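Dear colleague,

Please find below the structure that I am handing over to you. My notes on it follow directly after.

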Amino acid sequence: MPYTLADVWTWDMWFADDGADYHVFYLKASRALGDPNRRHFHVTVGHAVSSDLRSWREVEDALIASDGPAFDDFTTWTGSVVRGADGLWRMFYTGTSRADGGNVQRVGVAASTNLYTWQKQPGPLTEADPQWYEKFGTGDWFDEAWRDPWVFEVPGVPGWQMLVTARSIHGSADDRGIIGHATSPDLSTWTVQPPLSEPGAGFGQLEVPQVAQIDGRHVLIFSCLPGELSASRREGGGGVWAVPIDRPEGPYDISRAKRLTDESLYAGRLVHARDGRWFLFAFLNVDENGQFIGALSDPLPVSWGPDGHLRVDDARFAHL
């Protein structure tokens, strides 16, 4: 059964595996807000654990907004967790501030020895560089996109990579979505780099990016809703998207992206189970009447299709 909490909505999520338990961290907000559209600015980072990726037990929340003034004194949003060579777990997350009205996104980090108790580190670590990335007020968009950090290592490539939801300084307003990029030698000092994709692929934004290697082949996934697609893609609908890639460190040809799911699921994450299988998780977005649900999906098996694209092995999405 989907992971559903009676008193809160849950949405974007990210995972960690400590060898004994799987941990899922997720955005959550009280259903007492009434309107689910209000959830984004009344949010905390929740936490649950599981031994099998199916039955989840909620534990103490992981993060809340900082006391002000701070770059994250309004919200703490989506991120990722990695473990460094020093044994520390680090959660990279998105922060917004009240001073900016929540319109400017930056990336921060918190550290933990056990995945349960987190200590925020001084930040922000990265933010959009106007040399390559759209800043708030310089384009026709509703915020400054620099969020959803996905941090990972690439075998044979020194240091660490960070993928970020970002927007280009070039192109039509609804077609500027790109994958932002930063690098670090040590998980502490980060340098913003040029983007790893080009605008004009049909997306206003590419949310919650992630790369994975499944059965020896690399894939990038991201999410985009219908209202944030360019006119050329909008008729087909939104959801979770996937594109085969040659190298995890990029560059990425986003024009080849195809949908993994429709918009009933969103903010997909690929999770590698200890038995070797790969699954897609996402949050339950809307029902057949278009009403927001806000719950964590069951694990959905994925595999490579005969067309060379990743697919979800579920009859609901066989037509995609």
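How many of the eleven residues of strand β11 (residues 157–167) are buried? The answer is eight, and the strand is thus mostly covered. Please keep in mind that this is a predicted model.

**Strand β11 and its neighbours**

Two partners of β11 deserve mention. With β10, it pairs in the antiparallel sense over six bridges. The two strands form a hairpin with two residues between them, and Gly-156 in that turn has a positive phi of about 85°. Within this pairing, Thr-165 of β11 is the bridge partner of Arg-147. With strand β12 (residues 177–184), β11 also pairs in the antiparallel sense, here over eight bridges. Ala-166 has Ile-178 in β12 as its bridge partner.

Arg-147 returns in a salt bridge with the side chain of Glu-207, at 2.8 Å from N to O. Because Glu-207 lies in strand β14 and Arg-147 in strand β10, the pair ties together parts that are 60 residues apart in sequence. Both Glu-207 and Arg-147 are buried.

The side chain of Gln-205 makes a polar contact with the side chain of Arg-147 at 2.8 Å. A further polar contact, at 2.9 Å, joins the side chain of Gln-205 to that of Glu-228.

**The sheet that contains β14**

Strand β14 is part of an open sheet of four strands, in the order β14-β15-β16-β17, with antiparallel pairing. Its edge strands are β14 (207–214) and β17 (258–259), each of which pairs on one side only. Strand β16 (residues 239–245) pairs with β17 in the antiparallel sense over two bridges. In β17, Arg-259 is the bridge partner of Trp-241.

The largest pocket has a volume of about 790 Å³. It is lined by 29 residues, and those closest to its centre are Trp-150, Phe-152, Gln-210, Val-211 and Trp-278. Two or more lining residues come from each of β1 (8–17), β5 (75–83), β10 (146–154), β14 and β18 (265–272). Among these elements, β10 gives the most, with five residues. By residue type, the lining of the largest pocket divides into 19 nonpolar, five polar and five charged.

The second largest pocket holds about 640 Å³ of space. Here, too, 29 residues form the lining, and the closest to the centre are Trp-11, Arg-39, His-40, Glu-207 and Glu-228. The elements that give two or more residues to the lining of the second largest pocket are β1, β5, β10, β14, β18 and β19 (278–286). The largest share of that lining, three residues, comes from β19. In residue type, the lining of the second largest pocket divides into 13 nonpolar, nine polar and seven charged.

**Other salt bridges**

In total, the count comes to 20 salt bridges. Side chains of opposite charge can pair when their charged atoms come close. One of the pairs is Asp-100 with Arg-106, whose closest N and O atoms are 2.9 Å apart. Are these two residues buried or partly exposed? Asp-100 counts as partly exposed because its relative accessibility is 26%, whereas Arg-106, with a relative accessible area of 16%, is buried. Asp-100 and Arg-106 are also linked with Glu-127, Lys-135 and Glu-144 in a network of salt bridges.

Another pair consists of Asp-314 and Arg-316, whose side chains meet in a salt bridge at 3.0 Å from N to O. Arg-316 counts as partly exposed, at 47% relative accessibility.

With kind regards

Notes
Residues are numbered from 1 along each chain as its sequence is written. This is a predicted model: local features need pLDDT of at least 70, side-chain atom pairs count only at pLDDT 80 or more; totals for chains, interfaces and linings use all residues. Side-chain values use heavy atoms; hydrogens and water are left out. Two strands pair if DSSP finds at least two bridges between them. On a 1 Å grid over the protein atoms alone, a cavity is a set of points where a 1.4 Å probe fits but cannot get out, and a pocket is an open set with protein on both sides within 12 Å along at least five of seven lines; lining residues have an atom within 4 Å of a point. Grid points are joined across faces, edges and corners, and a volume is the space filled by probe spheres set on the points. Ala, Val, Leu, Ile, Met, Phe, Trp, Tyr, Cys and Pro count as nonpolar, Asp, Glu, Lys and Arg as charged, and the others, Gly among them, as polar. A salt bridge is a side-chain nitrogen of Lys or Arg within 4 Å of a carboxyl oxygen of Asp or Glu. Buried means under 20% relative accessible area, exposed over 50%, partly exposed in between (1.4 Å probe, protein chains only). A polar contact is a pair of N or O atoms within 3.5 Å; within protein, one must be able to donate a hydrogen and the other to accept it, and residues adjacent in sequence count only if both atoms are side-chain atoms.
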